Amino acid sequence: MKKLLLLFSVIILVSCKSAYLDSKKVTVLLDINKETDDNAFVNLKNYSNDFVFDMKYATADNFLKEKVYPCDECFLRVKTIKSLLQANQAFMAKGYRIKLYDCYRPLAIQKKMWKLVPNPTYVANPKKGSIHNKGGAVDITLVDSTGAELNMGTGFDFFGPEAGHNYTELSAEILSNREFLKAVMLQFNFKPFDSEWWHYNLNNSAADEVSNLKWRCND
């Protein structure tokens with residue numbers, strides 16, 4: 001009986017540990033191409049220093065008006081990061097880099113967002129799940145060499161037709177910036193989301209499982 005109880009305790013401990021994503025930082029950047037499991041969740045910050053991070057849901061600066069992530073990490077599946085790194089290299093060659101607003105999002109947060117904005121044009125119904133919940137979506141913009149954001153016409157998480165890719169009543173500069181972002185992302189295996197200029201899904205990521213994994217902050 002004692003052996004069974006001990007085994008049961010170990011199983012619980014392992015299960016509890018596996019229910020969280022580790023946000024521990026590495027001292028030396030890892031090589032994403034050495035990761036053998038393309039579907040594993042990993043922290044983008046452990047593979048590159050070339051991105052700018054403004055993780056909105058780790059602050060109150062979002063449409064929820066409250067902090068819902070414990071810290072500003074960017075977890076994604078390995079395959080998503082591989083494509084994202086390639087896209088960022090292409091932008092950097094032209095003097096820009098990707099700024100991230102959101103990455104993987106636990107399903108619990110998706111439910112909270114749906115409760116506030118139950119409109120599938122702007123927020124995925126949690127019954128089906130968002131590609132964010134699958135680790136295959138990123139919300140991004142571009143910054144120039146000074147760190148200034150390119151003018152995209154609206155802010156992040158703007159709920160209105162002006163945020164859509166098909167909205168054309170914008171300046172030539174804004175339309176050009178959106179097209180530049182989209183063209184490079186398409187080149188590296190991402191596709192845009194029609195109503196949000198900032199949202200990109202990795203191709204074929206819809207087939208992945210929805211996740212509610214959360215992360216602990218180690219800082």
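1. Which residue forms a salt bridge with Lys56, and how far apart are the closest N and O atoms? In this predicted model, the partner is Asp61, and the closest N and O atoms are 2.8 Å apart. Lys56 has a relative accessibility of 11% and therefore counts as buried, since the limit for that class is under 20%.

2. A network of salt bridges links Asp54, Lys56, Asp61, Lys99 and Glu149. The structure holds 13 salt bridges.

3. A further salt bridge joins the side chains of Lys82 and Asp38, at 2.8 Å from N to O. Lys82 is part of helix α2 (residues 78–93) and Asp38 of the loop between β1 and β2, so this pair ties together parts that are 44 residues apart in sequence. Both residues are classed as partly exposed, Lys82 at 22% relative accessibility and Asp38 at 31%.

4. Asp208 and Arg77 also form a salt bridge, with 3.8 Å between the closest N and O atoms. Asp208 lies in the loop between β8 (196–202) and β9, whereas Arg77 lies in strand β4; the pair therefore ties together parts that are 131 residues apart in sequence. Asp208 is buried, with a relative accessible area of 13%, and Arg77 is buried at 8%.

5. Turning to the aromatic residues, a search of the whole structure finds 14 aromatic pairs. One of them, Phe75 with Trp215, is tilted, with 5.5 Å centre to centre and 40° between the planes. Phe75 is in strand β4 (residues 75–77) and Trp215 in strand β9 (residues 214–216), so the pair ties together parts that are 140 residues apart in sequence. Phe75 counts as buried at 2% relative accessibility, as does Trp215 at 4%.

6. Trp197 and Trp198 form an edge-to-face pair, at 5.4 Å centre to centre and 85° between the planes. Trp197 counts as buried, with 2% relative accessibility; Trp198 is buried too, its relative accessible area being 0%.

7. Lys45 places its charged end over the ring of Phe53, 4.9 Å from the ring centre.

8. On the surface, Val26, Leu29 and Leu30 form a nonpolar patch, with about 210 Å² of accessible area together. Val26 is located in the loop between β1 (20–22) and β2 (41–43) and counts as partly exposed, at 32% relative accessibility.

Conventions. Residues are numbered from 1 along each chain as its sequence is written. This is a predicted model: local features need pLDDT of at least 70, side-chain atom pairs count only at pLDDT 80 or more; totals for chains, interfaces and linings use all residues. Side-chain values use heavy atoms; hydrogens and water are left out. Rings of Phe, Tyr and Trp (its six-membered ring) pair if their centres lie within 6.5 Å; planes under 30 degrees apart count as stacked, over 60 as edge-to-face and the rest as tilted. Helices (H or I, at least four residues) and strands (E, at least two) are DSSP runs, numbered from the N terminus. Buried means under 20% relative accessible area, exposed over 50%, partly exposed in between (1.4 Å probe, protein chains only). A charge sits over a ring if NZ of Lys or CZ of Arg is within 6 Å of the ring centre and within 35 degrees of the ring normal. Patches are made of residues with over 30% relative accessible area and no salt bridge: like charges are joined within 9 Å, nonpolar side chains (Val, Leu, Ile, Met, Phe, Trp, Tyr) within 5 Å. Accessible areas come from the Shrake-Rupley method with a 1.4 Å probe; for residues, only the protein chains shown count as cover. A salt bridge is a side-chain nitrogen of Lys or Arg within 4 Å of a carboxyl oxygen of Asp or Glu.
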